[in-house]
Amino acid sequence: GFQKGDEIIAMDGEPTPTLSAVMLELVDRAMAGETIPVEVRDADDRQRVRVLDLRDAPDLDEAALVFERVGLTPWRPVLPAVIGQVTGDGAAARAGLQPGDRIVQAAGEPVTDWEQWRALIQRHPDQSFRVRIERDGAEQSLDLTPDARQNERGERVGFIGAVADVPDDLVQSLQVVVRYGPLGAVGAALGKTWDVSLLTLRMLGRMLVGKASLDNLSGPITIAQFAGQAASAGGMAFLALLALVSISLGVLNLLPVPVLDGGHLLYYLIELVKGSPLSDAAQNLGQRVGIVVLALLMGLALFNDFNRLLG
């Protein structure tokens, strides 16, 4: 029963002031196979409750595809095809595009907005085409060859290293400021840490039983790539990524695998139950098994890293 123009206010009674909060709830509830009451404010400014049944939802382990797989499309503003920023080593910079350039025509097609421009770039990975731009009131042409990369669906798409020029008033209208007092901030941080930890465990469990792809495992190369993207997006995005990586490593470290802290806790629990520590032989065997498990896990993560890098 969702309608165009619905603004999601809360999910199962929990306020969702940001799009990332909605995404986290959707992924978490889909893995649990639950039905979620979603409170929305419709286009007529009336509050309604929509019920989203995720009991038979397709795999939502890829957060980037979560909205698409439940049949929702987040609202996007219509932006003019004007270059806002250009990265120093991207295809846009190599072609000579500059901030303030308005894209008039590309690959023989008239360009009316940024979404059309972005879709056209994605359709031409490593393919050169002619672009007509307007700069300082005069039109000129240049050749552009988008670089290639894989998107979240594994498809090969083009990108040029440029972002749209977004008006300040539009940015302010889309921003949500959430503030907590000192005690409230501690509670919110603990709650978010708990939620992300449970989500990590659920993802690991789904991978173990084959319900989630092992491609979700990432190693140091992918982490470094995301760190670079987060750093370019601002200090808050970078800190958020550091927090996410720290929580993930903390959860992995507490798994009951010998050589990890969780393995030592498992030994202590066994000692508490049986009244004596495990034999040296049993502990040595556990250490060897733990090292093999970690080596296989790291090898798979690095394989995924190089596969993404070379794909």
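Trainee: Where is the place of Asp126?
Mentor: Asp126 sits in the loop between helix 4 (114–122) and strand 8 (129–135). Helices (H or I, at least four residues) and strands (E, at least two) are DSSP runs, numbered from the N terminus. The model is a predicted one: local features need pLDDT of at least 70, side-chain atom pairs count only at pLDDT 80 or more, and totals for chains, interfaces and linings use all residues. Residues are numbered from 1 along each chain as its sequence is written, and side-chain values use heavy atoms, with hydrogens and water left out.

Trainee: Why is Asp126 called partly exposed?
Mentor: Buried means under 20% relative accessible area, exposed over 50%, and partly exposed in between (1.4 Å probe, protein chains only). The relative accessible area of Asp126 is 46%, so Asp126 is partly exposed.

Trainee: What makes Asp136 count as exposed?
Mentor: Its relative accessibility is 79%, over the 50% cut-off, and therefore Asp136 counts as exposed. Asp136 lies in the loop between strand 8 and strand 9 (138–144).

Trainee: Which residues does Leu144 touch, not counting residues up to four places away in sequence?
Mentor: Contact means heavy atoms within 4.5 Å. On that basis Leu144 touches Ala91, Ala92, Ala95, Trp117, Gln127, Ser128, Phe129, Val131 and Ile160. Ile160, leaving aside its neighbours within four places in sequence, is in contact with Gly90, Ala91, Ala92, Leu97, Trp117, Ile121, Leu144 and Pro146.

Trainee: How many residues has the largest nonpolar core?
Mentor: A nonpolar core is a set of buried Ala, Val, Leu, Ile, Met, Phe, Trp, Tyr and Cys residues joined through side-chain atoms within 4.5 Å. The largest such core has 23 residues, and those with the most contacts inside it are Leu97, Ile103, Trp117, Val131, Leu144 and Ile160. At least two residues of this core are supplied by each of helix 3 (91–95), strand 6 (102–106), helix 4, strand 8, strand 9 and strand 12 (162–164). Helix 4 gives the largest share, four residues. There is also a second, separate core of 20 residues, which includes Val27, Ala30, Val66 and Met207.

Trainee: Which residues of helix 1 are buried?
Mentor: In helix 1 (residues 19–32), the buried residues are Val22, Glu25, Leu26, Val27, Asp28, Arg29, Ala30 and Met31. They pack against strand 1 (7–11), strand 3 (35–41), strand 4 (47–53), helix 2 (66–70) and helix 6 (182–208). Just after helix 1, Gly33 takes a positive phi of about 65°.

Trainee: What makes Ala230 buried?
Mentor: Ala230 has a relative accessible area of 11%, under 20%, and so Ala230 is buried. Ala230 is found in helix 7 and touches Ala237, Phe238 and Leu241, not counting residues up to four places away in sequence.

Trainee: Is Thr193 buried, partly exposed or exposed, and why?
Mentor: At 34% relative accessible area, Thr193 lies between 20% and 50% and is therefore partly exposed. Thr193 is found in helix 6.

Trainee: What share of the protein chain counts as buried?
Mentor: Of its 311 residues, 28% count as buried. The secondary structure of the chain comes to ten helices and twelve strands.

Definitions and conventions:
Expected span 1.5 Å × (residues − 1).
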